[in-house]
Amino acid sequence: MAETTLETPVETHRPRRIKWGAIGDHTVLILGALLMMIPPLLALTTASHDAVTIHREGLQLTLGDNLGKNFHAAMFEKGGFTQTVDGTLMLMNSFILGIGFAMGKIIISMMAAYAIVYFRLRFATLAFWVIFTTLLLPLEVRILPSYEAIQKLGLTNTYTGLIVPLIASATGTFFFRQFFMSVPEELAEAARIDGAGPWKFFVDILVPLSRTMIAAIFIIMFVFGWNQYLWPTLITTDESFFTLVRGIKQIVLSYTDSQIPEHGQALALAIVAMIPPVAIVVFFQNWFVKGLTESDK
Amino acid sequence: MAQVSLEGIRKVYPNGFQAVQTTSFTIQDGEFVVLVGPSGCGKSTLLRMIAGLEEITEGELKIGDRVVNDVDPADRDIAMVFQNYALYPHMTVRKNIGYGLKNRGTPASEIAAKVEDAARMLNLTEYLDRKPAQLSGGQRQRVAMGRAVVRDPALFLFDEPLSNLDAKLRNQMRIEIKALQRRLGTTAVYVTHDQVEAMTMADRIIVLNAGRIEQIGTPSEIYHNPASTFVASFMGAPPMNLIRAEVDQKQVKINGYDALMVASEAFSGPITMGIRPEDVELDAQGQVKFHVDILEELGAHRLLHGRIDDQPFSVMIGKEDTAHTGETRIKLKPEALRLFDKDTGLRL
């Protein structure tokens, strides 16, 4: 047996090493974050000044004393050409568009993916690729026929016309298809033997299994829908259907009666328009990461 | 409870591959039948056809008195246990077990009572409110069993249910499944590639090879009287020794040695001779020379692996017997010799 000796650990006074790598990383990240934060901060500070100051002196770096007033006016003062629409209504319209858009996309793409993956359709693969190629045809490309169709159906100035033409989603279908293909086939077979028909299997098994996935896609699509500009501009002429994103522009462009545009209110509205997407991403980022990276099968 | 009969069942996949050749057999009421064979032999396809998950190309399948070829799996009165358990991951054990009943419109109070009963039978009571991810492999296996027994079906179907478990648990579950089936008296079809499972659990074994039935019989018949060299080498561990031999004037001989046994008169010429390793004895006066290469210690007995001339051969001896590597002599029990056709491998 070897002798066991008790050695006192030799004190090594090594200088604590400075991790330059970590400092470098953080510097880059902090600079990036600041760069991203500056425009909204400027918007906030500028929104606290009155229209005259902004018009004369441009963006403001300091806080003025009109912040509350501008926000109040932006949210509750009837404005626009017809003097019927205020910020609250536009906020509601934006929510209807954002939620309707996201839900619609999820429902449609889940059902499409379900059909493609679980049913022995003759042309399932072809159908999938056809859906996939529509990625090459975004709304901007097919805007004339889309408008024509909606207009002929008499759906201009309706929420239906605003939402339905946008909800077909190749991206969503693709994500759900990949997810469904990773669900073990035996699950469907076990459900079949357990007496669950196609609809029950979808509702009882597949939808609950996809919930993180649904949450992730909801977040992406909500932000996407919220920020829609071109289609709502085309399809709604009635101001009571205006969304926030449109409303901002409306304020800036109101040069009627040689009035100074209400830049402060526009910026206040811009900040309001930014909050919901940011909040959704901040609060649901865990779901978001989970949905796109893992699944409990 | 039901008798299951397959008549002229055949399966050809759309790509032309014939997974199961024309097959007929009947499973008696309450019988435990094991389908065994190497991977790709069609055993799972056969089971899935009985389950209704795979379409039957040709033939007639009856469960009880009813032809079920075109009956939906849900209406065949069967329950199936899958290799990967196929539990619904988002449901608790209670819901997993009760799901089939719920879909059939069973009243909630009755479901609750039946689930409790099944859980008690399978020692799952304390896990009823857990999700599958919180259970061990053996417990998940039990939940899968619970899902099957709770519906009290006419027929249990098992698709390699134990192959995801470790060896010790597998031995234990094997006994549990068998005991449960005995107690319920439900007809069962069990698919496995593990010949030990087949031997220990089955009332009758069906050995399949390349989409064809090689032999149907009780474990003892299959073991002692294999119908072909395939069955002989597939069933039993270590497998039956198969060596070249010759029949000459009714005398069975390995070349260079005296006659080992007297054969019936129907044939002569080269054959394949089989003998189980435990039917061979070390004997200094034995008629055959055996060269031992490796000595395998298994505790209860020992295996000697070596050669007779150039042909591989194994001998099993008791733990008291002494043995060493190198040249020795063996005696083959004449009554244990089995003769097979050299070319077709069929029993002569």
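Does Ala74(A) count as buried or exposed? With a relative accessibility of 5%, Ala74(A) counts as buried, because buried means under 20%. The model is predicted. It contains 19 salt bridges over all chains, and in it 24 residues of chain B are in contact with 19 residues of chain A.

- Ala74(A) belongs to helix α3 of chain A, which covers residues 67-76.
- Residues up to four places away in sequence set aside, Ala74(A) touches Asp86(A), Gly87(A), Gln265(A), Ala268(A) and Leu269(A).
- Between Ala74(A) and Met274(A) there are 14 Å in space, C-alpha to C-alpha, and the two are 200 residues apart in sequence.
- Thr236(A) sits in a loop of chain A, between α12 (230-235) and α13 (244-252).
- The relative accessibility of Thr236(A) is 0%, so this residue counts as buried.
- From its side chain, Thr236(A) reaches the backbone oxygen of Pro232(A) at 2.6 Å.
- Apart from neighbours within four places in sequence, Thr236(A) is in contact with Asn157(A), Leu162(A), Phe241(A), Phe242(A) and Arg246(A).

**The interface of chain B and chain A**

- The size of an interface is often given as the accessible area lost when the parts come together.
- For chain B and chain A, the buried area is about 1,900 Å², and carbon and sulfur atoms give 55% of that area.
- Two salt bridges are found across the interface of chain B and chain A.
- Across the interface of chain B and chain A there are also 12 residue pairs in polar contact, with both residues at pLDDT 80 or more.
- On the side of chain B that touches chain A, the elements giving two or more residues are β6 (78-81) and α2 (93-103) of chain B.
- Helix α2(B) provides the largest share of that side, namely four residues.
- By residue type, the side of chain B that touches chain A divides into 13 nonpolar, five polar and six charged residues.

**Salt bridges between the chains**

- Arg151(B) and Asp194(A) meet through their side chains in a salt bridge, at 3.3 Å from N to O.
- This pair crosses between chains: Arg151(B) is in the loop between α4 (137-149) and β7 (155-159) of chain B, and Asp194(A) is in the loop between α9 (185-193) and α10 (198-209) of chain A.
- Both partners are covered, as Arg151(B) is buried and Asp194(A) is buried.
- A salt bridge also forms between Arg48(B) and Glu189(A), where the closest N and O atoms are 2.7 Å apart.

**Salt bridges within chain B**

- In chain B, Glu176(B) and Arg142(B) form a salt bridge, with 3.1 Å between the closest N and O atoms.
- A salt bridge joins the side chains of Glu297(B) and Arg302(B) at 3.8 Å, N to O.
- Arg302(B) has a relative accessible area of 12% and is therefore buried.
- Salt bridges with shared partners also join Glu189(A), Arg48(B) and Glu54(B) into one network.

**Strand β14 of chain B and its partners**

- How many of the seven residues of strand β14 (residues 269-275) of chain B are buried? Six of the seven are, and the strand is mostly covered.
- Strand β11 (residues 241-248) of chain B runs antiparallel to β14(B), and seven bridges join the two.
- In this pairing, Glu246(B) stands opposite Pro270(B), which is in β14(B).
- Strand β20 (residues 338-341) of chain B is likewise antiparallel to β14(B), joined by four bridges.
- Here Gly274(B) stands opposite Arg338(B), a residue of β20(B).

Terms used
Residues numbered from 1 in each chain as written. Chains lettered and ligands numbered in written order. Predicted model: local features only at pLDDT ≥ 70, side-chain atom pairs only at ≥ 80, totals over all residues. Heavy atoms only, no water. Buried < 20%, exposed > 50% of the residue type's maximum accessible area, 1.4 Å probe, protein only. Contact = heavy atoms within 4.5 Å. Salt bridge = Lys/Arg side-chain N within 4 Å of Asp/Glu carboxyl O. Polar contact = N/O pair within 3.5 Å; in protein donor to acceptor, adjacent residues only side chain to side chain. Pairing = 2+ DSSP bridges. Buried area = accessible area lost by both parts, 1.4 Å probe. Nonpolar A, V, L, I, M, F, W, Y, C, P; charged D, E, K, R; others polar.
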